[in-house]
Amino acid sequence: MSGLIPLNLSARLQRSATGNPAGAMLASGVANCFPGLEFDHRNLDRRFFPGLVVEFADPLVAQPSMGGVVTAVDLDDPALADAAASHPGLAGNLADLQAEMAADARAWWIVRIAQGGVVIDPQDIRGLGLDSLGTWRVVRSIDPGAVQIVLGRFGDDGVAAGEVTLDGPRRPYLAAGDTIDEGYAPGELTQSLCSPWQHDFRDCGCYYWASNHPDIAIEAVEPGEDPGVPPPPGTGWLNWQRARPPRDNVPELGYYEISERYQDLAVVLRDRESADPYSPPTVDGAEPYATTDELVAQLRNRLAPLEHALTLEYLYAWSSVRSPQEAAALSDAEVGESLPLRFRADPARPLDGISDRAGAVTYLRGRLRRDVTYLREQLRITFISEMRHLSWVNLLLRKLADLGIGGPYAPALGVAADIPAGPPGATRPAALRPLVHAAAVDFEAVERPSGGLDGAYSRVRATLDASELPGELYDIASRIVDDGVDHYSAFRRMVAIVDLYDQPSSPHLRPGFTLASPDDPEVGPALLAQGRIMSLLTRGYRGDRSKIDEARQVMLAELESAIEVSARNGFGVPFF
Amino acid sequence: MTAVDAGQWTPVTLGGHPKATVENAGEPSWFHLVPGDQPLVWLVGGSQLFEVTQSHFDQLAAGDATALAVLGGATVAGPAWPGTPPEPPAAMSLALAQSCNLSCSYCYADAGQFGGPARRMPVEVARRAVDTLVDGSGGRRVTLGFIGGEVLLHREALHDVVAYAEERAATAGVPIGFSITTNGTLVTPADVALLRAHPFAVTVSLDGGNEANDAHRRSRRGEGSFERAVAGVADLLADPGRAKVAARATVTRHDLAVHERVEALAAVGFAEVGVSPLRTGPDTEARFAPADWSPFLAEMVRAADAEVDRVSGGHAPRFTNLSTGLREIHRGSARPLPCGSARSYVAVGAEGDFWTCHRTVDNPAYRLGDLDEGLSAAARQAFLDRRQVDAQEPCRSCWARYLCGGGCHVEVDEVGREGCDYIRGWLEYCISLFAECQSRRPEVLRSMGVST
C-alpha cells in the first residue's frame, strides 16, 4: 500500500510477516491445515514436548521405535519455564540429553508415549514399529497436560543403545490470548506447506485427496492381456505409493523418497497403472439428429422411458439379492449346498486353492457375504444413478421447451417396453428379473460404451454441440454420458460374480423370490410409495425442486424399506 | 462489526499538540490522525499504526476521497462480537479475607468488607475454588489470586491454599501462577518465604512517599501505614525469589503528581510502579472531578517523559503504565473489553459465590453463580454483551475504543465516564512516543519488552 508505512505488529501483519510467503496470510487462508494448505501442521507438532524438536521420519532400518526422531534439544524453549513448576526435573533431564547428543552421533527416536494410562509403543502395532504418519497421528492426539515419552538411541544396526524417560506437559500450542506459543520462531510454521501429490494421499485427514482415491490403482496390464477386462472382484488393486522394491518395515515410500524418486511412481490413467504411451479414446463421432424436433422426440419417447425402465429393472434385481445379514445367517449345510457346481462335480478339484470341503464352506461363507454386499451396493448406486439420468433428461426437455423447442413441457415418465440388447438395433423386452446370469449379462450389454444407451446420448450431445443452443444443455448431456461409464465396469464385475454362483440354488439370490401380482397386499406399501414418488416427480420435474427433494426422501425412507420387507418374504414388487 | 465504508465517516483530528486533551467529535471514526514530525495514522480496525507523508496526512484531514480510499484498503473489521463463548476462566481470585486492618479513606471495598460483615473464606471453599480452576483449565496455565480486604489477615488460609493449589496443579500437569494484593503492613517472614518460593505476582498498595501515602492510607485509629508497609516488604524487595513485586499507587485529586510518587516508590525498592486515578469510593473529596483530568494528563506525560529519559540513560524501566501502553500499541491489541473480568477471570467471595471481578464481590448485580451451581455461562455472556465496547455510548464512536476497552465496568457503572479525553490524550501520547522511539530510541522500547 503506497504511502502507508506500517509501524506496529498488527499493521505489519496485514502487509507482511517475517517468514511468511508473500502471498500468504493465515487469516485469509482456506483454513485447511491437515497437514496444511497454509502451513504444514506437523511444524506445530514437532515441538509438542517442551524443550524438544522432533521430526516425523521413518528410520532407514527396521528398529523397534516410532517414526519420530529428536533433531534438537532447545533449552531456551519458553515452555520450559512454565513446565518447571509441574515438572521440576525436566530441564535437567533435557540438558543431560543434549550432552548425550553432543557426545554421540546416534539418533534418539521416540520409543513410547504414555498419557493418562494409555501407552503407545511400537510393539502394539504389527511389531514392526509405528511409521512416521502413525507417530504423528499419535502425537496429534495427545491431550494437553502431563505426558511421558521414552526415547531410545539407535545405531545403524537398529539395535537400541540407551534409553531415557522424559515427563513434561504437552505444549499448549496457544499462549494466553490465543496467539501461537512463543516457542515457534518466525517463519517456522510456514517452512513447509501442503504438498498434495506427494504427501496428501497418506496424510490428508480431511479426505479431500483420498476421496478421489488417487492412491489406489489397478495394476498394469500384462503383455497380451486385454486392458478392457477388469480384474476379478477384490483383486488387482494396488497401493500406488507402495515401496519399490517392496520392504517389510515401511510398506510405502516415505516423504523424502517420494520426492526424490518420483520417476519411479507409475503413471495412472483411467485407474490403471500404465508404462505405455497413452492413446486417448477417439472423440465421439456420433451423428447429430437432423432436427431439434427429432432430438426432443428421442429424449421424450426413447431415452427417458429407457432410463425409467432400467431404474426399475435394477431396483428389482437389487431386491432379489440376499442381504449380507441373510448370507451370514446361512447354515454350513446351506452354504455347502451352494458350493459352485464345478467344485461339487469333482470334489478333488481345488476351489481357489482350497481343497477340503469344510475349508471351502468357510471360504465361501465369507466370499458370499462380500459378494452380495458388492452386488447390492453396485445395483443401488446404479439405480440411483439412472434416476438421476431420468431427471436430467427431463431437465433437458424442460430447458428445450423454455427455448420454444418441442412444444410445451410435460414430464417424461413413461416406462420403455424394449431395451437395447447390445448389437445395434437389437432389443429385448423390459422385464423385472432377479439377478440371474442372463439378467446381469443384459445389464452389462445395455451399459456398454457405444452399445445401446451410450450411443444414444452421444447423438444427443452431438446435436447440442452442433447447435446454437446454450452450452448448458451440452453440459447436461455430457454429464449423463460420463456418468454411464462406471455402470459398465460395475456390471462387468457383477457378471463375473454371478457367474461363480450360477447354479440352481443361486446362493446370492433370495430363495423363492417371485414376481408378485399388483393386487397382492404383500407389495401394497411398496407400490404406494412408488406411486407417491411418481406423483411428486411429475410436479418436481416441472420446476418445483422441493418436490424432487421430497421424492428422494420417500425413496430413501419408505420405498427401499418397503421393497426390502416384501423381498425378504420372497415377493418381488411389480413396478411395471 | 461490519466493514467500514471509507467515504462515510469523517475523521477525528487533533486540536493541537499531541499532549493536549483531545475532544471526540462524536462521529463514528475509523481512524485517528496524530500530527508531529512523523505524521501518524491510527487505524481503529485492527489497531494498526501507520506513518504517512505529510501530504497524505493533510489530505486525510481534509477528507480527500482518494486518500481515504488508500487508508480504507488497509482497514480490517473490529473484534468480532460475540466472539468465542467464554471458556472456564484461566484466572480466579479468592477473597480470603473480607476485612482489613487499615481504613483507607477511598477504599472501594468499604474497608475490605464490601458492605457486609467482616468475614473470612473457609479453607474448604477456597480449595473447592482451586479445584474448579484447575479442572476447567484444559491444561492451560492458570492464575490463582488472593485479594480482600487484606489477605494476610487470613494467612493460614493463604499458606494452605497455595500448597494445595500447587499440588493439585502439579498432579494435573497444569502450570499455575499466583497473585496477591496486600497493603504490606502485616507481612511476616513466613509470608515472605511463601511469596519467594512460588511464582507470585505481588501488588503492594502504596500511594507514594510517606506524605502522599499517609494522606489517605491510615489505620482506623488514623495512623499512617507507610512505615509499616515499607518495613513489611523490605525483605521481599531485597530478595524477591520467584516473586515479582510491584507497587500500585492510587492518585487522588488532592495530589495529582505522578512522577514524584513513582520516584518515591522506586526509592523504597520497587522495580515496578503503576498508578491509577481514583474515580469511585466513599471519599468524594478525593475522587477526580471533571476539571482534574487535564492536569492529570499533563502529570502522566511528565512522568512518562522522565521515564523515557531514564531508560534512555540505561536504567531499567519501572513505570508500568507507560510500558504497558507501549506494548499494547506495539502489538496492535484490539479488544472489545477493558479487562478479563467475567471472561478469563472471575472472583470468588468468602461464601463461594462467583463475581465478575474482585471489585464486585457481594454486589448482586454482578453475580455469576457459585461453587455449587457453577459459573453461569448465560450470566457471563449477558454481562459481556452489555459491556462490550461497541455496545457502549459514547465508546462506539471513539477511535480509542479498542485500546481502552470502555473503562473499568464497576467505575463506569458507578460514576459514568469522565476522563475519556484523558484516556485519548494518554493513548495519543503513547502512540507518538512509540513511533518516535521506534525510529530514534529503539533501545527504550527494547528494554521495556517491546521488540520491534
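Analyst: The answers below treat strands and then a pair of helices. This is a predicted model, in which local features need pLDDT of at least 70, side-chain atom pairs count only at pLDDT 80 or more, and totals for chains, interfaces and linings use all residues. Residues are numbered from 1 along each chain as its sequence is written.

User: Why is strand E7 (residues 176–182) of chain B described as largely enclosed by the rest of the structure?

Analyst: Buried means under 20% relative accessible area (1.4 Å probe, protein chains only). Five of the seven residues of E7(B) are buried, so the strand is largely enclosed.

User: How do you know that E7(B) pairs with strand E8 (residues 200–205) of chain B?

Analyst: Pairing requires at least two bridges found by DSSP between the strands. E7(B) and E8(B) share five bridges in the parallel sense, and therefore count as paired. Within this pairing, Thr182(B) stands opposite Val204(B). The chain crosses from E7(B) to E8(B) through helix H5 (residues 189–197) of chain B, in a right-handed β-α-β crossover.

User: What makes helix H16 (residues 524–540) and helix H17 (residues 545–568) of chain A roughly antiparallel?

Analyst: An angle over 145 degrees between N-to-C directions counts as roughly antiparallel. H16(A) and H17(A) pack at about 170 degrees, with axes 9 Å apart; they are therefore roughly antiparallel. Residues in their contact (heavy atoms within 4.5 Å) include Leu536(A) of H16(A) and Met555(A) of H17(A).

Note on methods:
Chains are lettered from A and ligands numbered from 1 in the order in which they are written. Side-chain values use heavy atoms; hydrogens and water are left out. Buried means under 20% relative accessible area, exposed over 50%, partly exposed in between (1.4 Å probe, protein chains only). Helices (H or I, at least four residues) and strands (E, at least two) are DSSP runs, numbered from the N terminus. A crossover is right-handed if, with the strands pointing away from the viewer, the path from the first strand over the helix to the second runs clockwise. Axes are lines fitted to C-alpha atoms, for helices over the stretch in contact, and angles run from 0 to 180 degrees between N-to-C directions. Angles under 35 degrees count as roughly parallel, over 145 as roughly antiparallel, 65 to 115 as roughly perpendicular and the rest as oblique.
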